[in-house]
Amino acid sequence: MRITSLPLAAAATALAMSYPCLCSAPAEAHGFAGDRFFPATIATDDPFVADEMSLPTVTRNPTGPDGSQEIDIGADIAKRLTPDIGFQLGRQWQRLQPLGGRAVTGFGALDAELDYQFYTNGPHELTAMVGLASTFAHTGRVAALGAPDFTTLSPLVDFGKGFGDLPETMNWARPIAVTGNLSMDFPTKTESAGTPNPNNFNYGFAFEYSLEYLQHHVKDVGLTAPFDRMIPLVEVSFSTALNRGYGGQTVGTVQPGLIWAGQYMQVGAEAILPVTHNSGHGLGGVVQLHFYLDDIFPQTLGRPLFTY
Amino acid sequence: MRRYLLLGLMPAVVCSIWAWPVAAMAHAFLDHTIPTVGGTVTAAPPELRLFFSEPLEPLFSGIEISGTDGQRIAAGKATLDPRDAKQFVLRLPPLGPGHYRVHWHVVSVDTHPTQGDFTFEVRP
């Protein structure tokens, strides 16, 4: 899935600051580390390679700092090349309504990502992944919609940790899990149409409380379907510009929500709360339908292309 | 025109995938257990019975039980309930009062592995 895009404002500052959130194409994965099942989070990257697809992800962004309104409809697919290496592709259709202007529609840039899940520790429910994300130049509607005319390369590190290894005296905390992602944007052009393209440091975290883990690994509290497969969570996603006149400026959102993870798919919904002036104002929201291709097509599409 | 075509195709793709799982299997998730996860029983249970969301492959699945001291308790091999391949059963020797930890690892019939741990208590 994708990091939720902030409004593509016409104003140069907003555009420069909001773009990194669009181009940090995150991985999507549901995965296991020992007893822990990690769902595919919506706003932040997951520390797993997987065979999955988000279709669609519908986002109504908070009102932009310049008053613009943006709605995105996205699709992402992730495929394992080997059990530990995977890639993904993502694209969004966008509708941008500038304040007092005519709405503009079209596709945003094409996102791609190559990942290597290099560490998994089952007993401690720990996993980690490195990767390289890329947003490609001239693959979206550049002039009207603000899609980039430059490519951005973003090396990334993701991790996930479940707390099921806590002592039983802390049973209440054992369903908690945290995933995180860190990345740095390196645009291939330092400016576009007179607007600088800064390097950005992106960081996001998802704080999850798995009712599935509580019910099936800690204490049978009587939850039945669909509640025993629900995972309340809060995601936070930030991007801080480091240079080229924008040093220190940060955009970010906090996204409380709920994911229901079934056998073949999951459904997620989150509110989007901007938390800095440059992030816009008001309330947004995102809903996502996400399919586990490895469960739907276990013998074909859902397997790694190569095994060893 | 192309974008409307793509947006029009999206529901069709979603519906196709939605319909496909009828013939598929998936990761086997634990549904519930007897004795219950984290529960307390007043008499030694004769067996552990784990209920899963998917049929299991018994050759690659197992259940182990250990006592409070971490010592594994000798029990037979877990077997599938002959009437329901989603139920995995481990016959138990007589258990004394105390806490017990159960570790299970299963492979669903489409080869997806999952595992888990839970505890229960026998209290006289």
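In what order do the 4 strands of the open sheet in chain B run? I started my notebook with that one, keeping in mind that this is a predicted model.

**Entry 1: the sheet in chain B**

I traced the order as E1-E3-E6-E5 in chain B, with antiparallel pairing. At the edges I found strand E1 (30-34) and strand E5 (79-81) of chain B, each of which pairs on one side only. A reminder to myself: strands of a sheet pair through backbone hydrogen bonds, either parallel or antiparallel.

I counted 3 bridges joining E5(B) to strand E6 (residues 84-91) of chain B, and the two run antiparallel. For Thr79(B), I noted Val89(B) as the bridge partner in E6(B).

**Entry 2: charges around that sheet**

Which residue forms a salt bridge with Arg49(B)? I got Asp81(B), with the closest N and O atoms 2.7 Å apart. I placed Arg49(B) in strand E3 (residues 47-52) of chain B and Asp81(B) in strand E5 of chain B, so the pair links parts of the chain that are 32 residues apart. Buried or exposed, these two? I have both Arg49(B) and Asp81(B) down as buried.

I found Glu47(B), Arg49(B), Asp81(B), Arg83(B) and Arg91(B) linked in a network of salt bridges.

I also checked Arg123(B) and Glu121(B), whose side chains meet in a salt bridge at 3.1 Å, N to O.

**Entry 3: Ile63(B)**

I moved on to strand E4 (residues 62-67) of chain B, where Ile63(B) lies. I noted Ile63(B) as buried, since its relative accessibility is 6%. What does Ile63(B) touch, not counting residues up to four places away in sequence? My list reads Leu48(B), Leu50(B), Ala78(B), Phe88(B), Leu90(B), Val102(B), His103(B) and Trp104(B). I also took a C-alpha distance from Ile63(B) to Gln115(B): 9.7 Å, for residues 52 apart along the chain.

**Entry 4: over to chain A**

How many helices and strands are there in chain A? I counted 4 helices and 17 strands. Of the 308 residues in chain A, 60% are buried. For contacts between residues at least 6 apart in sequence, I get 61% joining residues at least 24 apart. Chain A exposes about 10900 Å², and I put the share from carbon and sulfur atoms at 69%.

**Entry 5: a salt bridge in chain A**

Over all chains, I have 11 salt bridges. The one I looked up in chain A is between the side chains of Asp51(A) and Lys79(A), 2.8 Å from N to O. Why does this pair tie together parts that are 28 residues apart in sequence? Because Asp51(A) sits in the loop between strand E2 (36-38) and strand E3 (52-60) of chain A, whereas Lys79(A) belongs to strand E4 (residues 69-80) of chain A. I checked the cover on each end as well: Asp51(A) counts as buried at 0% relative accessibility, and Lys79(A) is buried with a relative accessible area of 14%.

Key. Residues numbered from 1 in each chain as written. Chains lettered and ligands numbered in written order. Predicted model: local features only at pLDDT ≥ 70, side-chain atom pairs only at ≥ 80, totals over all residues. Heavy atoms only, no water. Buried < 20%, exposed > 50% of the residue type's maximum accessible area, 1.4 Å probe, protein only. Contact = heavy atoms within 4.5 Å. Areas by Shrake-Rupley, 256 points an atom, 1.4 Å probe, with all protein chains shown as cover. Pairing = 2+ DSSP bridges. Salt bridge = Lys/Arg side-chain N within 4 Å of Asp/Glu carboxyl O.
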